[in-house]
Amino acid sequence: MPIVWDSKLDTGIEVIDAQHRRIVEYINDLEIAKMKEDKRLVTDVIEQLIDYTQSHFGFEEAMLEEAGYKFLKPHKKVHELFIKRVTEFTMRAAKGEDIADELHTMLTKWLLNHIANEDRDYAEAVKQMTGASAQPTAVAVVEKQPSQGFISGLLGRFFR
Ligand SMILES: [Fe+2]
């Protein structure tokens, strides 16, 4: 069953919500690739998903550092543990094991839980720093202000 975006997953920080939605799209793409039984496509989607998620974590951590978020350290730790788990899966896959189903289940549970809980927790701290930029409609205007420049700077640093 594809994941349908739920507003409970919104942090209210537009740039983050867009990235989270992209991750969910990747998870859904993985499900489609699995159903097609296209091994090459499954491998490609898994690679892209991991790559994108890592960029997203980097972006998120840099943003939280900028915001002076007090739980940055444990949050980083949670990201690290996730990468470790994913690496274990890729190692098993490299040995020829079919991990697609198990990985898909893990990604769905882990990422949705992380977005709905740990990520929502930092929303207030970040909103206080960026002020009006947390409002989706104000982003275009707010980004022109010097104090918002770091968001576009971060995007350039973490996403090609
Ligand atoms: Fe996170």
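In this briefing, a residue is called buried when its relative accessible area is under 20%, exposed when it is over 50%, and partly exposed in between, with a 1.4 Å probe and protein chains only. By that rule Glu37 is exposed, because its relative accessibility is 70%. The structure is a predicted model, in which local features need pLDDT of at least 70 and side-chain atom pairs count only at pLDDT 80 or more, while totals for chains, interfaces and linings use all residues. Residues are numbered from 1 along each chain as its sequence is written, and side-chain values use heavy atoms, with hydrogens and water left out.

**Overall fold**

- The chain has six helices and zero strands, where helices (H or I, at least four residues) and strands (E, at least two) are DSSP runs numbered from the N terminus.
- Read from the N terminus, the order of elements is α-α-α-α-α-α.
- Of the 160 residues in the chain, 43% are buried.
- Contact here means heavy atoms within 4.5 Å. Among contacts between residues at least 6 apart in sequence, 68% join residues at least 24 apart.

**The iron site**

- Donors are N, O and S atoms within 2.8 Å of the metal (3.2 Å for Na, K and Ca); water is not among the atoms, so sites may look incomplete.
- The iron ion has as its protein donors Glu60 (OE), His75 (NE2), His79 (NE2), His114 (NE2) and Asp119 (OD), at 2.0 to 2.4 Å.
- Along the chain, these donors of the iron ion are spaced as E-x14-H-x3-H-x34-H-x4-D.
- Glu60 in helix H2 (residues 39-66) and Asp119 in helix H4 (residues 100-130) are 59 residues apart, and the pair links distant parts of the chain.
- Glu60 is buried because its relative accessibility is 0%, and Asp119 is buried because its relative accessible area is 0%.

**Helix H2 and its ends**

- H2 has 28 residues and spans 41 Å from its first C-alpha to its last, close to the 40 Å expected at 1.5 Å a residue. The expected span of a helix is 1.5 Å times one less than its number of residues.
- Glu37 lies in the loop between H1 and H2. Glu37 has a positive phi of about 55° although it is not a glycine.
- Asp38 caps the N-terminal end of H2, with a side-chain oxygen 3.3 Å from the backbone nitrogen of Arg40. A polar contact is a pair of N or O atoms within 3.5 Å; within protein, one must be able to donate a hydrogen and the other to accept it, and residues adjacent in sequence count only if both atoms are side-chain atoms.
- Just after H2, Gly68 adopts a positive phi of about 65°.
- Ser55, also in helix H2, is buried because its relative accessible area is 15%.
- A polar atom of the Ser55 side chain lies 3.2 Å from the backbone oxygen of Phe158. Apart from neighbours within four places in sequence, Ser55 is in contact with Phe158 and Phe159.

**Residues on other helices**

- Asn28 belongs to helix H1 (residues 14-35) and is buried, because its relative accessibility is 14%. Not counting residues up to four places away in sequence, Asn28 touches Pro2 and Ile3.
- Lys76 is placed in helix H3 (residues 72-94) and counts as partly exposed, because its relative accessibility is 31%.
- Lys76 and Glu61 are 15 residues apart in sequence, with their C-alpha atoms 6.9 Å apart in space. Leaving aside neighbours within four places in sequence, Lys76 is in contact with Glu61 and Glu65.
- Arg120 lies in helix H4 and is partly exposed, because its relative accessibility is 42%.
- Arg120 and Asp10 are 110 residues apart in sequence and 7.6 Å apart in space, C-alpha to C-alpha. Beyond neighbours within four places in sequence, the contacts of Arg120 are Ser7, Lys8, Asp10, Thr11 and Ile115.

**The largest pocket**

- On a 1 Å grid over the protein atoms alone, a pocket is an open set of points where a 1.4 Å probe fits, with protein on both sides within 12 Å along at least five of seven lines; lining residues have an atom within 4 Å of a point.
- The largest pocket has a volume of about 420 Å³. Grid points are joined across faces, edges and corners, and a volume is the space filled by probe spheres set on the points.
- The largest pocket is lined by 18 residues, of which Lys39, Val42, Thr43, Asp98 and Ala100 are the closest to its centre.
- H2, H3 and H4 are the elements that give two or more residues to this lining, and H2 provides the largest share, five residues.
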